[in-house]
Amino acid sequence: MSQAYIKAEEINLGQEQLSLLKERKSTVAFSDEPINTTQLEQIFEATRWAASCFNEQPWRFIVATKENETLYKKVLNGINPHNQNWAKNAPVLMIAIAKKTFSMNGAENKHSWHDVGLAVGNMSAQATAMGLYLHQMAGIVKENIQQDFEISEDFEVVSAIALGYKLPIEEVPEDLKARESKERTRKEFSEFIYNVDWEKSTFKP
Ligand SMILES: Cc1cc2nc3c(=O)[nH]c(=O)nc-3n(C[C@H](O)[C@H](O)[C@H](O)COP(=O)(O)O)c2cc1C
C-alpha cells in the first residue's frame, strides 16, 4: 500500500505548546556544548511525572556525561558502531532500562516498556522546551550493556539515548549533512485512526 506522508512543516497543530512536539527531532548533529546538572535535574523532574501502570515507575536510567570519560566510554561501547558515529558527539549518553516486574507482588509488568516510553516522551518534551534534542537508539548491544553494568535479571535494557544541543546546519559535518536535513514525514490520520471497521478509516477531524 502506498503511503501518503505529510511533511512535518505542513502539520499545523495550532497551539503553541504543541508546536514543541513538532520541533522535536532525532538529530544526528550534536554540538559538544555540555549539559549541566541543573539542566539534567529539570529533564528528570519532567521524566518522573509520567504515568505508569500501578504507578510502578519502572523506568531506570544510566546517565553519562562526557566529563565522566570512563562511564561515557562504557555507555558508548554498548551502542552499535553505526549509531556511535554520531552519538559520540553528544555531551550526554543514557541507557533506558525497564523493571520487568511489579514491586508490590513480583508479577510480570507487561507495560514496563510502554511506561519507559512514556517517561522518555516526557523527557523529550522537556528537553525540546529547553532547546535540547534527544535521539533514541534501538541499535545497541543489550547483552553487553546488561553485562558491563551488571544489570540484574529483573531489569531489561530498552534503548540508548543521546542528549545535547543541535548544531546549525552549516556546521554539521559533511558525512551527516544529508541525513540531518532529510525531510521528516508522518502518516495521514486515515492510516492510523479507525472508528468503524478495522483498517477502514472514515475519521475526519
Ligand atoms: C525506540 C526508538 C529506537 C530508535 N532507534 C534508532 C537507532 O538505533 N538509530 C537511529 O539512527 N535512530 C533511531 N531512532 C530514531 C528514529 O529513526 C526516528 O525517531 C524516526 O525516524 C522519526 O524521526 P524524528 O524522531 O526526527 O521525528 C529510534 C527511535 C525510537 C523511538
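Let's start with lysine 25, which counts as buried because its relative accessibility is 15%; buried here means under 20% relative accessible area, exposed means over 50%, and partly exposed is in between, with a 1.4 Å probe and protein chains only. Before I go on, this is a predicted model, where local features need pLDDT of at least 70, side-chain atom pairs count only at pLDDT 80 or more, and totals for chains, interfaces and linings use all residues. Residues are numbered from 1 along each chain as its sequence is written, and side-chain values use heavy atoms, with hydrogens and water left out.

So where does lysine 25 sit? You'll find lysine 25 in the loop between helix H1 (16-23) and H2. When I say helix or strand, I mean DSSP runs numbered from the N terminus: H or I with at least four residues for helices, E with at least two for strands. Setting aside neighbours within four places in sequence, lysine 25 is in contact with Tyr133, Leu134, Lys166, Glu180 and Arg184, where contact means heavy atoms within 4.5 Å.

Let's follow one of those partners, glutamate 180. This residue belongs to helix H7 (residues 174-180), and glutamate 180 is buried too, at a relative accessible area of 5%. Which side chain does the side chain of glutamate 180 meet in a polar contact? That would be threonine 27, at 2.7 Å. A polar contact is a pair of N or O atoms within 3.5 Å; within protein, one must be able to donate a hydrogen and the other to accept it, and residues adjacent in sequence count only if both atoms are side-chain atoms. Beyond its neighbours within four places in sequence, glutamate 180 is in contact with several residues, including Lys25, Val28, Lys166 and Ile169.

Now, the sheet. Four strands make an open sheet in the order E2-E3-E5-E4, with antiparallel pairing; two strands pair if DSSP finds at least two bridges between them. Strand E2 (59-65) and strand E4 (133-137) are at the edges with a single partner strand each, so one side of each has no neighbour in the sheet. From one strand to the next, the twist averages 25°.

Let's walk across it. E2 pairs with strand E3 (residues 92-99) over 7 bridges, in the antiparallel sense, and isoleucine 62 stands opposite isoleucine 95 in E3. Helix H2 (residues 37-48) packs on the sheet and touches E2, E3 and strand E5 (155-164), with its direction at about 170° to that of E2. For those angles, axes are lines fitted to C-alpha atoms, for helices over the stretch in contact, and the angles run from 0 to 180 degrees between N-to-C directions. Helix H3 (residues 69-77) lies across E2 and E3, at about 120° to E2.

Next along, E3 and E5 pair antiparallel over 8 bridges, and there leucine 93 stands opposite alanine 162 in E5. E5 is mostly covered, with 9 of its 10 residues buried. On to E4: 5 bridges join E4 to E5, again antiparallel. Glutamine 136 faces isoleucine 161 in E5, and methionine 137 has alanine 160 as its bridge partner there. E4 is mostly covered as well, since 4 of its 5 residues are buried.

E4 also brings us to the ligand. Which element gives the most to the shell around the ligand? E4 does, with 3 residues. There are 13 residues around the ligand, and Ser26, His135, Arg179, Arg184 and Arg186 come nearest; a residue counts as near if one of its heavy atoms lies within 4 Å.

Here are some of the atom pairs. The side chain of histidine 135 has an N or O atom 2.8 Å from a nitrogen atom of the ligand. At alanine 138, a backbone N or O atom is 2.8 Å from a ligand nitrogen atom. A polar backbone atom of glycine 139 lies 2.9 Å from an oxygen atom of the ligand. Taken alone the ligand exposes 620 Å², and the protein buries 61% of that; these accessible areas come from the Shrake-Rupley method with a 1.4 Å probe, and for residues only the protein chains shown count as cover.

One last stop: backbone angles. Most residues other than glycine have a negative phi. Glutamine 57, in the loop between H2 and E2, has a positive phi near 50°, and at 30% relative accessibility glutamine 57 counts as partly exposed. Glutamate 150 also has a positive phi, about 50°. It lies in the loop between helix H6 (142-148) and E5, and glutamate 150 counts as exposed at 72% relative accessibility.
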